[in-house]
Amino acid sequence: MSITIRPDPERPSGGYALLELPEAELAGESALIAVFDAFSERFLGESGWHATRADFGPYPVTRAGGLARIVIGPEIVNQIEEYAALRLHVGPRSYETTWPDDVVPRPGAAVLGGLHVPRAAGPVPSDNLVGRPAVPEPEAPPADTPPPVAEPTGRGKGLLLAAGLALLALIAGAAWVLTRPDPEPAPAPAPVAAAPTPCSAETLDALAGQPFASVLPQISTCGARIGADRVLNLLEDAAAKGDAAALMLFGQLYDPKAQNPLAAVPGLALSPNPALAAGYYKRALAAGNGAAEAPLGAVCAGLAAAGDTLSQAAHEEHCPK
């Protein structure tokens with residue numbers, strides 16, 4: 001008994017895998033899947049690896065060309081390292097296999113770290129702590145009685161009165177200054193939003209939903225200024241909606257004899273796979289892209305000459321009779 005694991009062609013940016021096994025070995029329209037790591041001897045669960053078995057699913061089962069196919073998602077793919085020795089339990093059967101290096105997890109959202117808040121200064125140590133600095137005792141007033149103050153004369157009384165009135169005037173002025181309302185601050189000018197550049201994230205996100213034939217020139221112009229993940233997201237969304245240009249482009253990316261139309265975007269390249277290329281060319285042709293007919297015929301000729309089961313099944317499913 002054998003099982004094949006490869007990337008899900010519908011989601012080439014990662015996170016999903018396609019399992020293929022002989023159709024006769026799996027009955028029913030759905031199946032449960034359990035993953036056992038042969039090295040650590042543990043089963044995969046929702047929160048990591050455990051000693052007890054956990055089943056994922058049930059997953060829908062599709063059938064074509066004598067094969068049963070199951071698509072699994074990030075709940076499994078994102079937790080398995082490449083080249084891991086596994087035992088996959090698919091329905092009632094088990095398969096010894098090695099996880100391939102071309103089935104990769106899709107990058108997730110960044111995780112924010114906690115904020116470190118410095119502690120406030122501690123309280124003043126109590127009296128019973130060793131090393132507390134001594135507080136000096138207040139000095140006692142002198143024992144001698146001060147001499148009596150002489151009673152001011154008439155002129156001295158006038159000076160004292162004038163000084164008192166001046167002090168009262170100063171206190172009243174200070175009170176008015178402290179209690180007067182603050183003037184209203186001038187309103188801050190409204191910020192001027194910068195216009196997005198042709199290759200900014202905002203501009204590229206606005207291209208989602210447009211025909212991919214009109215999006216491709218913008219992607220080729222921006223080139224290295226945009227990431228491969230962003231372009232793949234736009235391409236996947238368009239292909240999922242049956243866009244003929246996007247389906248044609250996926251066929252070219254998988255076709256080992258076709259030129260990469262997105263070579264200007266660093267890192268945007270898919271592993272050659274004639275079987276997947278034939279499937280995308282066929283869908284592009286059905287969506288109205290007549291340019292897919294010639295490369296579909298060339299890929300189908302190569303599949304017909306190949307002797308492996310996968311190539312023969314792809315030829316039977318996607319190539320003209």
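Glu 82 is partly exposed, at a relative accessible area of 46%, where partly exposed denotes the range between buried (under 20%) and exposed (over 50%), computed with a 1.4 Å probe on protein chains only. The structure is a predicted model, in which local features need pLDDT of at least 70 and side-chain atom pairs count only at pLDDT 80 or more, whereas totals for chains, interfaces and linings use all residues. Residues are numbered from 1 along each chain as its sequence is written, and side-chain values use heavy atoms, with hydrogens and water left out.

Glu 82 is situated in the loop between helix H1 (74–77) and strand S9 (85–90); helices (H or I, at least four residues) and strands (E, at least two) are DSSP runs, numbered from the N terminus. Apart from neighbours within four places in sequence, Glu 82 is in contact with Trp 99, Pro 100 and Asp 101, contact being defined as heavy atoms within 4.5 Å. Glu 82 and Val 103, which are 21 residues apart in sequence, have a C-alpha to C-alpha separation of 7.7 Å.

Ser 13 counts as buried, with 11% relative accessibility. When residues up to four places away in sequence are not counted, Ser 13 touches Arg 106, Leu 232 and Glu 236. With Glu 236 there is also a polar contact between the two side chains, at 2.9 Å. A polar contact is a pair of N or O atoms within 3.5 Å; within protein, one must be able to donate a hydrogen and the other to accept it, and residues adjacent in sequence count only if both atoms are side-chain atoms.

A search of the whole structure identified two disulfides, each being a pair of cysteine sulfur atoms within 2.5 Å. Counted along the chain, the bonded cysteines follow the pattern 1-2, 3-4. In the disulfide of Cys 199 and Cys 222, the sulfur atoms are 2.1 Å apart. The torsion about this S-S bond is about -95 degrees, so the disulfide is left-handed. Cys 199 belongs to the loop between helix H2 (154–179) and helix H3 (201–205) and Cys 222 to helix H4 (residues 212–222), so the bond ties together parts 23 residues apart in sequence. Cys 199 is buried at 14% relative accessibility, and Cys 222 is buried at 3%.

The disulfide of Cys 300 and Cys 319 has its sulfur atoms 2.0 Å apart. It links distant parts of the chain, with Cys 300 in helix H8 (residues 293–305) and Cys 319 in the segment after helix H9 (309–318), 19 residues apart. Here the S-S torsion is about -95 degrees, so this disulfide is left-handed. Cys 300 is buried, with 5% relative accessibility, and Cys 319 is buried, with a relative accessible area of 3%.

Helix H6 (residues 244–254) is mostly covered, with nine of its eleven residues buried. These buried residues are Ala 244, Ala 246, Leu 247, Met 248, Leu 249, Phe 250, Gly 251, Leu 253 and Tyr 254, and they pack against H4, H5, H7 and H8. The N-terminal end of H6 is capped by Asp 243, a side-chain oxygen of which lies 3.0 Å from the backbone nitrogen of Ala 245.

Pockets were located on a 1 Å grid over the protein atoms alone, as open sets of points where a 1.4 Å probe fits, with protein on both sides within 12 Å along at least five of seven lines; lining residues have an atom within 4 Å of a point. Grid points are joined across faces, edges and corners, and a volume is the space filled by probe spheres set on the points. The largest pocket has a volume of about 480 Å³. Its lining comprises 21 residues, and those nearest its centre are Pro 9, Glu 10, Leu 18, Arg 69 and Glu 317. Strand S2 (17–22), strand S8 (67–72), helix H7 (274–286) and H9 each give two or more residues to this lining. By class, the lining of the largest pocket has eleven nonpolar, three polar and seven charged residues; Ala, Val, Leu, Ile, Met, Phe, Trp, Tyr, Cys and Pro count as nonpolar, Asp, Glu, Lys and Arg as charged, and the others, Gly among them, as polar.

The second largest pocket has a volume of about 380 Å³. Of its 23 lining residues, Pro 12, Asp 102, Ala 269, Leu 270 and Ser 271 are the closest to its centre. Helix H5 (residues 228–240) gives the most to this lining, with three residues.
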